[in-house]
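This report looks at how two chains meet, and then at how two parts of one chain meet. Please keep the structure in view while reading.

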Amino acid sequence: MAAVDADKYAALSVESADVRPQETAWQRVRRNLSVRIGGAVLVLLLAIAALAPWLGTVDPTMFDAGSRDLAPGVRGEMLTLEGEVIQHKFHFGSDSLGRDIYSRVIYGTRVSLFVGVVAALVSLLIGVFCGLTAGYLRWVDGILMRVMDGIMAIPAILIAIALVAMWRASLVTVIIAIAIPEIPRVARLVRSLVLTIREEPYVEAAISLGTPTWKIMLGHILPNTIAPLVVMGTFIAASAILIEAILSFLGVGLPPDIPTWGNIMAEGRIAFVQFPHNIFIPGIFLTITVLAVNILGDGLRDTLDPKMAKRI
Amino acid sequence: MLATIPVLVIVAVLVFLLLRITPGDPAAILAGDAASTEQIEGIRKTLGLDQPLPVQFGIWALQMVQGDLGESYYYKVRVTELIAQRIEATFSLALVTIVVAVLISVPLGVIAAWRFGGWFDRFLMGFSVFGFSVPVFIVGYLLVWLVSLKLGWLPVQGYKRIDAGLWPWIQHLVLPAITLSVIYIALIARVTRASVLEALGEDYIRTARAKGLPESRVLIKHALANAAVPIVTVIGIGIALLIGGVVVTESVYAIPGLGRLTVDAVLARDFPTIQGLILFFSLIYVGVNLLVDLSYVVFDPRIRY
């Protein structure tokens, strides 16, 4: 019994020592270990994405029938679009069409990060709009939140799959299909924050000064929702990257010629028994990326949104 | 609890609108790429697509309520029949997964809360972040590669119906269930830890310890029993993750269940089947969560409906 209590108080004192009164939120964030680790890995991945053409890659869509199913590290030839034959070392081997897996994995970083960030932004944008409206204009609230409940009752992957099937897959449709199931979560969060914030004295003061509603929403309420939204956006980005990979892996995502980790793995299923690395290498990249985003999110939650951190 | 019905109505409207808000002619989309003009015309008639939207919804909803999910354009059978054929595999997989996940995650969560801040707690929290981040199919292929291909202990893929014998059934389900349970274990263990931790701070725990109860009894009868409501809640909410995972896991292990059917239906652009499956899965999800709500009475006698 004493041991448990001591642990608890120790934890409490660590926590209180951790909060330095003069510190700004940004300084607290930068000091957090999770933020540092997750952030560092993401910076590295961003660098890989940005520098993809200069990392010894070839055009990821280029294939050569003579270099099919090569093991990692084997040298082979590639016929470029200009009709030139070049020598190329296949660091991660080649797939059943003779494409360089290393180049495809490196270029795949771009797609994953892009989908994650844009899907998070899209769902935040629409979710904030819905949440602000529902929280501030009471007559919209009932209908809008019931629709949100309905969307939440359908498992996210099913919505994404159905929408992609309906619209046919492209980068835009995949991003929107992934963003839509996340909107209710954002809307709920924003709505509940608005309902608390609108009772604050400064909002009351603004109302009594005759400030127009839209100005109160954007100038007084929205800024106070930013910290929890940054945290939520990070977690949405992580799950968006995962869902994009799942869609591509199932063959219902981005067109197969676009180098995404999911597509590489989908292709790798054909020769999995001989070449398991065709699935494992992009899988490791995918796991590290999602892990980094989630760890960053954990760190941001602990530092920016202590109330949410307490809940789970 | 009563909110279940409005939610189901909204889900039905959303699934109905899914096809109608799509740019293009819904009849042409439903008929598929190879359909003739007469076929498209026929579909337009049977669906009443020349009627106004609310009337269309009325006709469609009436069919749904009667348990008629329409006919698959790809398999040429009733969607309900397709679901009936394949539900056993999915149900077995989900059931074994839930049992495995709960049996593993709840004790882990309790121990982590008991030794809050210790190495085990930190390990479990690390594992749970990892569990949320690693894609289901990576776990699946890793297990297939290691256990089936390298060690040769279990069959690589496929499914055996339970009437083929209990042992083959379990043999084919072990790997898929472990694969599917990773994310579920991460979720339940995290919530178990948090809610047991909260219960451990209560006065009745101090009382229980003061009167000299063994620690195991304090943890199970006093802490875990009082932490049960959030745990069952998250098991219910996690069904959404489980359904998503089923779609992927069945593809990896070539299990002929509802998840595999969903992917096949999407690849064949078989819209009645897609609609039917989404409705069916949502119904299961909402239904399970209704049961979870009702079960609160058992876990917390203070709750009355």
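## Polar contacts and the salt bridge

In this predicted model, three residue pairs are in polar contact between chain B and chain A, both residues at pLDDT 80 or more.

B:Arg190 forms a salt bridge with A:Asp298, and their closest N and O atoms are 3.9 Å apart.

## Area between the chains

In the contact, 50 residues of chain B meet 48 residues of chain A. The two chains bury about 4400 Å² between them, and carbon and sulfur atoms give 77% of that area. Within chain B, the residues that lose the most area to chain A are B:Ser133, B:Phe137 and B:Tyr141, together 14% of what that side buries.

## Two domains within chain B

Chain B is assigned domain 1 (4–65) and domain 2 (86–299). Their C-alpha centres lie 35 Å apart. The contact takes 14 residues from domain 1 of chain B and 10 residues from domain 2 of chain B.

The two domains of chain B bury about 1000 Å² between them, 79% of it on carbon and sulfur atoms. Zero salt bridges are found across this interface, and one residue pair is in polar contact, both at pLDDT 80 or more. On the side of domain 1 of chain B that touches domain 2, helix 1 of chain B gives the largest share, 10 residues. By class, that side of domain 1 has 12 nonpolar residues, one polar and one charged.

Conventions:
Residues numbered from 1 in each chain as written. Chains lettered and ligands numbered in written order. Predicted model: local features only at pLDDT ≥ 70, side-chain atom pairs only at ≥ 80, totals over all residues. Heavy atoms only, no water. Contact = heavy atoms within 4.5 Å. Buried area = accessible area lost by both parts, 1.4 Å probe. Salt bridge = Lys/Arg side-chain N within 4 Å of Asp/Glu carboxyl O. Polar contact = N/O pair within 3.5 Å; in protein donor to acceptor, adjacent residues only side chain to side chain. Domains from an automatic or database assignment. Helix = DSSP H or I, 4+ residues; strand = E, 2+ residues; numbered from the N terminus. Nonpolar A, V, L, I, M, F, W, Y, C, P; charged D, E, K, R; others polar.
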